[in-house]
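This briefing is for a reader meeting the structure for the first time. Please look over the sequence and the model, then read the notes below.

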Amino acid sequence: MSLALHSAPPLPERDTVLHSWCVQNEWNAPAIVGGEGAHLHTADGRSILDMSSLAECSNLGHQHPRVIAAIRAQAERLCFVTSAWGAEPRAQLAALLLERAGFEGGRVFFTLGGTDANEHAVKFARQAAGKPRGWIVTRDRSYHGASYAAMALSGDSRTAAQSDPEAFRVLHVPPPYSYRCAFGTRTAAACGEAAAARIAALIGERGAAEVAAVLMEPNAGTNGIIAPDSFWPALRAATRAAGVYLIADEVMSAFGRCGEWFAWQRYGAEARPDLMTIAKGLTGAHLPLGAVVLSPGIARILEPQMLYTGLTYCGHPLSCAAGVAALQSYLEEDLIERSRGLGAAMLGQLKRMQDRHALIGEVRGGQGLFAVLELVRDRSTREPLAPWPQMDPALTRLLREALRRGVSFAARGNLLLLAPPLIIRERELADALDLLDGLLAELANDLKGRHS
């Protein structure tokens, strides 16, 4: 007896799927049926310019030909084998990652995405340090994932009630947020140094023998905080002096997003972390894949030990083939350098926009194609549009109007996050920023009218 699929029209997605990070009965997004370059194509025939790389992951744009071809070719050879067996694209991708990171002699552990990469990095740091319950230091206003352990690692007000950091042996410190510095400093450099000094002091208070690792985002993240250049080198020096491992969460900041293969490379080889976590841009989001990249020193410690961990799809051959093609594309299309150049141009245009719009309190970023506009009611007092992490309805309307005009911007709280694909055309980027310029003028009028 054969079973036929139900012939009735399918129920709409909003009635059948639980969508992440939203109120379910408010979800009403267009259906995407295709994409090309920096554009997404909707079921109703529209083309939308993607100015956020979706979740800062489509660094190569949509349907990159090289990656699609690699997935197709790998599917014809071998779709899946577990990591108990070898797989050619897995070995090739690991070697490429170690080379790009300058971690030759290290190892790569593949995961399904950023959350489990961060959890595994913590596991490896604790095991290598011989501190199975060692404390992990992270920061407020950070995001490391949405599993229970990753929520504990995160300093995210949205999920703070769902996970107990102390139960997961996690300590939080104030962030290097120079625009609203928790340390009362007068300059960005001083704020970065003070944030690193606070971490060093906390390690001293707990005792270095009790702290396994510090886990931090070197640059881009949805929290909108970009640390001053003084922070990461000072943090690396402090953790090295204390004998505590440093984990760089590069899930969003890697693969050209911040103008380097990995954001920490901006500060030179001396700033290299002991472990780093990656995902998102690793395949340009064509397939799910994450990884922990381990330094040679940690790799040597773990190699003779049993690893009591793993996931069925670790190092999935299809995903690894996509990752190899993605890295080849970044390299052969000069996308890291392109991001650096376009990011500087974008930053200049945003700074000029700030001169025209008093509601832009600060523009930060621009080392690559990632920048943040922090919107305020009063530039002199720095009063935000809404208390973090709430979003003012006027900003919601700006996003809706931009989408109606064919451009998708990302925002969180009182922040506009600009992170277009690295392959975006210069004219497309300029047109999107011109549109944003006009929409910010409308937003200012909206707020002024509501206030009066």
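A residue is called buried when its relative accessible area is under 20%, exposed when that area is over 50%, and partly exposed in between. With a relative accessibility of 60%, Arg404 is therefore exposed. The model is a predicted one.

**Helix α11 and Arg404**

- Helix α11 covers residues 393–404, and its 12 residues should span 16 Å at 1.5 Å a residue; the C-alpha atoms at its ends are 17 Å apart, which agrees.
- The buried residues of α11 are Ala394, Leu395, Leu398, Leu399 and Ala402.
- Viewed down the axis of α11, these buried residues fall within an arc of 145°, so they line one face of the helix.
- Arg400 and Arg404 are exposed on the other side of α11.
- At the N-terminal end, α11 is capped by Asp392, which has a side-chain oxygen 2.8 Å from the backbone nitrogen of Ala394.
- Arg404 belongs to helix α11, and its side chain makes a polar contact of 2.7 Å with the side chain of Glu401.
- Arg404 and Gly134 are 270 residues apart along the chain, and 50 Å separates their C-alpha atoms.

**Helix α3**

- Helix α3 has 14 residues and reaches 20 Å from its first C-alpha to its last, close to the 20 Å expected at 1.5 Å a residue.
- Pro89, Arg90, Leu93, Ala94, Leu97, Leu98 and Ala101 are buried in α3.
- Down the axis of α3, the buried residues fall within an arc of 165°, so they line one face of this helix.
- Glu88 and Ala91 are exposed on the other side of α3.
- The cover over the buried residues of α3 includes helices α2 (65–77) and α9, together with strands β4 (107–111), β9 (275–278) and β10 (290–294).
- Just after α3 comes Gly102, with a positive phi of about 70°.

**Packing of α3 against α9**

- Helix α3 (residues 88–101) packs with helix α9 (residues 317–332) at an angle of about 35°, and their axes are 8 Å apart.
- The crossing of α3 past α9 is left-handed.
- On the α3 side, the contact is made by Pro89, Arg90, Gln92, Leu93, Leu96, Leu97 and Arg100.
- On the α9 side, the residues making the contact include Cys320, Val324, Leu327 and Leu331.

- Glu217 sits in the loop between β7 (211–216) and α7 (231–242).
- Glu217 has a relative accessible area of 5%, so it is buried.
- Beyond its neighbours within four places in sequence, Glu217 is in contact with Arg139, Arg141, Ser142, Tyr143, His144, Asn223 and Asp249.
- From Glu217 to Val33 the C-alpha distance is 33 Å, and the two are 184 residues apart in sequence.
- His144 lies in the loop between β5 (135–139) and α5 (148–153).
- The relative accessibility of His144 is 2%, so His144 counts as buried.
- The side chains of His144 and Asp249 make a polar contact at 2.7 Å.
- Not counting residues up to four places away in sequence, His144 touches Glu217 and Asp249, as well as residues including Gly114, Asn118, Leu153 and Leu215.

Definitions and conventions
Residues are numbered from 1 along each chain as its sequence is written. This is a predicted model: local features need pLDDT of at least 70, side-chain atom pairs count only at pLDDT 80 or more; totals for chains, interfaces and linings use all residues. Side-chain values use heavy atoms; hydrogens and water are left out. Helices (H or I, at least four residues) and strands (E, at least two) are DSSP runs, numbered from the N terminus. The expected span of a helix is 1.5 Å times one less than its number of residues. Buried means under 20% relative accessible area, exposed over 50%, partly exposed in between (1.4 Å probe, protein chains only). The arc is that of the directions from the helix axis to the C-beta atoms. A polar contact is a pair of N or O atoms within 3.5 Å; within protein, one must be able to donate a hydrogen and the other to accept it, and residues adjacent in sequence count only if both atoms are side-chain atoms. Contact means heavy atoms within 4.5 Å. Axes are lines fitted to C-alpha atoms, for helices over the stretch in contact, and angles run from 0 to 180 degrees between N-to-C directions. A crossing is left-handed if the near helix is turned anticlockwise from the far one by less than a right angle, and right-handed if clockwise.
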